[in-house]
Amino acid sequence: MRRSRFPVAVTAAVLAFFYLPIIVLVANSFNPARFSSRWQGFSLVWYRRLFESPEVWQALKNTLIVAVAVTAISVVLGTLAAFALHRYAASRLQRVHYTLIYAPLVVPEILMGIGLLMAFVAAGVPLGLVTIILAHVTFCVSFVAMTVLGRLQDFDFSVVEAARDLGAGWGRIVRKVLVPMLMPGIAAGALLAFTLSVDDFVITFFVAGPGATTLPLRIYSMIKFGAPPMINALSTLLLAVTVTAVLASRRLSRSKR
Amino acid sequence: MYHCGDLTPKQRAEWLVSLPTLAWLALFLVIPAALIFVLAFRPADPYGGIGAGWTLETVRALWAPSNLAIAVRTLWISLLTTAVCLVLAVPAGYTIARASEKWRNRLLMLVIVPFWTSFLVRVFAWRSLLHPEGPVKALLQAAGLAGPETTLLYNPAAVVLVMVYTFLPFTILPIYAAAEKFDFRIVEAARDLGARPFQAFRKVFLPGISQGLLTAFLVVFIPALGSYIIPDLVGGPSGEMLGSKIAQRVFTDRNLPHASALSAVLVLAVMAPLVAVLALQRKKKRADIIMGESP
């Protein structure tokens, strides 16, 4: 039967729509013109400006500090939570636990941001990198827990029973059996937590306070208060880093299999 | 709460492994959520903090016509965005599901890759595209569709455009997932029985992927209601939404109780579609059981 061409045409248009802004952005990062409608030759001037900007470097440093701390905490908490959710799946406590872990995945970011800001203000906690870390962990835990839970779904617990029968204590079981077998899930969760932390703007904006600026906050103020061509260069670099990281992780997971 | 001595060893182990996340989320998710509702009844202090005592003033002020206009606009912008996303995502999801396996993976990658860029950067890219000196306007002017006076930025249409751009992949993926499981022989059977292509599509294919459509709806509509950056960066005053109003109350007016009253409205607005969909699903499941189909 002849299939309609219409859906294919829509799909092609949608893909063009997806790529157009990104292509223009990358092209403009090499365009020396300040207002970028006309091409004025290839130039790396915006990249040089970017590398000479101390604010960008400081923001990058803050972003990495936050992301590393957030990844470490949420991997431990999230993996533990996934284990609890899987092992005691039927209990009423785990139903509450699951609802709580699921909530950050559906609650709009702005509500989490404002709620946390109010909690910190009410408790008198000074805003800064620490409050950013606390806030990021709150949503990253859910993503780690869900990723590890997915891995646990096809995990055979008789392996743990066998290790216990053979006389292994819990510490040893965790180190030698659970963690190695769950590693792909944990690594995927860690990568996700890191990426989400690096990219988060809305929640960070609410809980950052005046002193602590991360890269997205920096980009936002660059968008709001001028310096567009530098953002093009920064975005192109970020895009290159993410694409490389994702391709590398895909290759890594493929070669393991 | 049980006393520790009443717990079996298994229960004690369960509490031990669940407690860290439970405590964390109670502290940083449940208490903040409750505070949103509580602070709406507290007065503001002039230093951007929270005053002493209780007041109904803030909640009463919610009924101001300007707030109502923003609430209505938030609703229609979100509904329009969801509708446009669904209309584009159904053919796209269908095409990907019907492609050969090699092409299917390629197309899925093509859908996902642009969204590896930072969300802010994508909004910014649209800002420069729609800029008065940007390429889109130059193109429209060349085609005679826009005059020198036309502004493409800072209006509700720009907000809808950028929101569709942001949420479309999240609609395509669940619809693709549903279409991939759909048995297309049923459509062919309907055609053999004389259904016209559009009839077969509407009466057979769409009901067949209803679960995917429902997921896609929630995945767009709920975050759309809470949008903040997009109206803030491309909306201008005429494209303001609840989210940008909340942020304005926090950062410009420094009035947390007002912000929390508006946020409480947003919480209720977000809960409504979630509860509706859950109720709908429960009803459907019950109907399936009565009809003797497996859920």
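The model is predicted. Chain A is divided into domain 1, residues 6-43, and domain 2, residues 55-157 + 183-256. Between chain A and chain B, about 6,600 Å² is buried. Between the two domains of chain A, the buried area is about 590 Å².

**The two domains of chain A**

- The C-alpha centres of domain 1 and domain 2 of chain A are 29 Å apart.
- Seven residues of domain 1 of chain A touch eight residues of domain 2 of chain A.
- Of the roughly 590 Å² buried between domain 1 and domain 2 of chain A, 65% lies on carbon and sulfur atoms.
- On the side of domain 1 of chain A that touches domain 2 of chain A, four residues are nonpolar, two are polar and one is charged.
- The interface of domain 1 and domain 2 of chain A has zero salt bridges.
- One residue pair is in polar contact between domain 1 and domain 2 of chain A, with both residues at pLDDT 80 or more.

**Chain A against chain B: extent**

- In this interface, 70 residues of chain A are in contact with 73 residues of chain B.
- Carbon and sulfur atoms carry 82% of the area of about 6,600 Å² that chain A and chain B bury between them.

- The interface of chain A and chain B has one salt bridge.
- A salt bridge joins the side chains of A:Lys224 and B:Asp232, at 3.2 Å from N to O.
- There are 13 residue pairs in polar contact across the interface of chain A and chain B, with both residues of each pair at pLDDT 80 or more.

**Which parts of chain A face chain B**

- Eight helices of chain A each supply at least two residues of the side that touches chain B: H1 (6-29), H3 (54-87), H4 (92-106), H5 (109-123), H6 (129-153), H9 (202-207), H10 (215-224) and H11 (228-256).
- Helix H1 of chain A gives the most to this side, with 14 residues.
- By class, the side of chain A that touches chain B has 56 nonpolar residues, ten polar residues and four charged residues.

Methods: Residues numbered from 1 in each chain as written. Chains lettered and ligands numbered in written order. Heavy atoms only, no water. Domains from an automatic or database assignment. Contact = heavy atoms within 4.5 Å. Buried area = accessible area lost by both parts, 1.4 Å probe. Salt bridge = Lys/Arg side-chain N within 4 Å of Asp/Glu carboxyl O. Polar contact = N/O pair within 3.5 Å; in protein donor to acceptor, adjacent residues only side chain to side chain. Nonpolar A, V, L, I, M, F, W, Y, C, P; charged D, E, K, R; others polar. Helix = DSSP H or I, 4+ residues; strand = E, 2+ residues; numbered from the N terminus.
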